[in-house]
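Please read the following note with the sequence and the model side by side. It takes up a few places, one point at a time.

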Amino acid sequence: MLHHFSCSGAPARRDDLDAALAAWEAVVGPLRVSVALDVIAAAGMATLHAPGRIDVTIAPGSVDELRACLAIATRYVVPVYPVSGGKNWGLGSKLPPRGRCVLVELWRLNEIIDFDEELAVITIQPGVTFRQISVFLAERKSTLFLPVIGGSPDASVIGNAVERGSGIGPSGERANAIGGLEILTPQGHILRTGFSRFPHARTARLSQHGVGPSLDGLFLQSNLGVVTQLSVWLTPRPAILSLYQGQALDAHWLGMAVDALRPLVLNDALGPCAITFWNTVKLLARQSQYSPLHAITDPSWFVSAALYSSSMSAAAAATSAIRTCLDGVLDGAAVRCVDPVAMTEHEAMFVGVPNSGNVGSTYWRKQMAVPPEPDPDRDRCGLIWLCPTLPFLGRDCVAAIGMIESTFAKYRFEANIGFNVFNARTLDFFVVIAYDRDIAGDDERAMACHDELMGKLIARGYLPSRLGIHSMTSLPDTNDDSDAFIDAIKKIADPANILSLGRYTTRDSSRPG
């Protein structure tokens, strides 16, 4: 049951723990508070080994219940770890970075609060999923869509947004397409960002920064408060969706393709688009599972671009621009228009229809077939993500890929690499270490690979855009006073130091509040 809970690291008093448990049950009901071993075991499943542990789960059903739960945790100094959907596969799932905690699950806060077709914005709670929004828009025959992720359709949209995750399509940099955040602090304060902090503001959900100091960024990738609501800006469905595909024969040609593509993106010559680069391993992992009968030595890279056009003339211009730019660099280059009536499952993802096809890639090294309803946590798939950000330069891509491939080879893993183009100045890489957690020693081998590669990338200046629970302490020391400044804010927002200990901010979780 409850034990070894306190921010000082010493066991909390049993009387306090029993009182906290009774208080939570009074707030959310006894059926929404669990210390059952099977429930705790399921909540503690992840795709990697981590020291953090869950001892209690709580599922509040409203913001008021969540506020009361945080107040109880603050009163009795019990660490809590809120999650939206918990499908943060490869980055920690539902587990905390360290220590023991009460898991606060927000899946019951799943209301779509507001929707505006004219201004293309939807306002949601943390439990709202990509599937839920897709169905919601389809039922209303909306002309809009929300860029989806390659992960579970049942992942939380807010969970993805506050982690600065990405989506497939225009406005794929999710953090740049949200506004009007509502945040609950452990002290019980409600904060609203942008114009939403003013009553009757007509642009409350439409403007990201509003007027005055902007607070939005403080609550992305942080442990200063819980985002209980935000607005997401949607994208109009294109009149014409064109898909360009080509193949770079090796990293040298890939670097040339990156350099050729950069001016097009910088000049907005392609219009709204989604551009992705995948290596052979990543492509194979989506289509099949690893076989020891053949070695994967193909150095090819596959380049795809979804072009979103408002007319045939705009589509022709974008197609001409990308072909002129890349056809001399890539092999097998081709472009086609997608039939809006007969889209494949893969094509439909480009207009906001999620599917779980890519989840099968998490079973790359598992010695079992991909089940009809994949769940990499349950099935002990090994999966560790690294998310370095690089300059939009071919030479940097070639250098980083060389480091990744050599480090993976040292630890006997296949280098699963992809990267996305969201702007004209940086490239967002996603590197996957895939293995089988049921093979003795592979957890340790995979984490050693991660740690060495993370160190090499950071030493080269390629810092991560996201961290997992396994990499929260990987960042180098800063060259300014930002850590101390954020720690000071943490003391104000969470004086008892009970919220998401060890998550992104530096305040030492071994110290009491």
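1. F277, W301, F419 and F429 form one aromatic cluster, where rings of Phe, Tyr and Trp (its six-membered ring) pair if their centres lie within 6.5 Å. The structure holds 8 aromatic pairs. The model is a predicted one, in which local features need pLDDT of at least 70 and side-chain atom pairs count only at pLDDT 80 or more, while totals for chains, interfaces and linings use all residues. Residues are numbered from 1 along each chain as its sequence is written, and side-chain values use heavy atoms, with hydrogens and water left out.

2. Y290 and W364 form an aromatic pair that is edge-to-face, at 5.7 Å centre to centre and 65° between the planes; planes over 60 degrees apart count as edge-to-face, under 30 as stacked and the rest as tilted. The pair links distant parts of the chain, 74 residues apart, with Y290 in the loop between α7 (280–287) and β14 (301–309) and W364 in the loop between α9 (345–348) and β16 (381–386). Helices (H or I, at least four residues) and strands (E, at least two) are DSSP runs, numbered from the N terminus. Y290 counts as partly exposed because its relative accessibility is 24%, whereas W364, at 3%, counts as buried. Buried means under 20% relative accessible area, exposed over 50%, and partly exposed in between (1.4 Å probe, protein chains only).

3. Which residues of α7 are buried? They are T280, V281, K282 and A285, and what covers them includes β13 (273–279), β14, β18 (416–421) and β19 (426–436), contact meaning heavy atoms within 4.5 Å.

4. I275 has its place in strand β13 and is buried, with a relative accessible area of 2%. Leaving aside neighbours within four places in sequence, I275 is in contact with L261, V265, L270, S304, A305, F419, N420 and V421. I275 and L261 are 14 residues apart in sequence and 9.9 Å apart in space, C-alpha to C-alpha.

5. The axes of helix α6 (residues 251–266) and helix α8 (residues 312–326) come within 9 Å and cross at roughly 150°, which means that α6 is roughly antiparallel to α8. Axes are lines fitted to C-alpha atoms, for helices over the stretch in contact, and angles run from 0 to 180 degrees between N-to-C directions; those over 145 degrees count as roughly antiparallel, under 35 as roughly parallel, 65 to 115 as roughly perpendicular and the rest as oblique. The contact is made by A257, A260, L261 and L264 of α6 and by A321, I322, C325 and L326 of α8. By class, this contact has 8 nonpolar, no polar and no charged residues, where Ala, Val, Leu, Ile, Met, Phe, Trp, Tyr, Cys and Pro count as nonpolar, Asp, Glu, Lys and Arg as charged, and the others, Gly among them, as polar.

6. The axes of helix α10 (residues 394–410) and helix α11 (residues 442–459) come within 10 Å and cross at roughly 155°, so α10 is roughly antiparallel to α11. On the α10 side the contact is made by A400, M403, I404, S406, T407, F408 and K410, and on the α11 side by C449, E452, L453, K456 and L457. By class, the contact of α10 with α11 has 7 nonpolar, 2 polar and 3 charged residues.

7. R164 has a positive phi of about 55° although it is not a glycine. R164 lies in the loop between α5 (157–162) and β8 (178–184) and, at 37% relative accessibility, counts as partly exposed.
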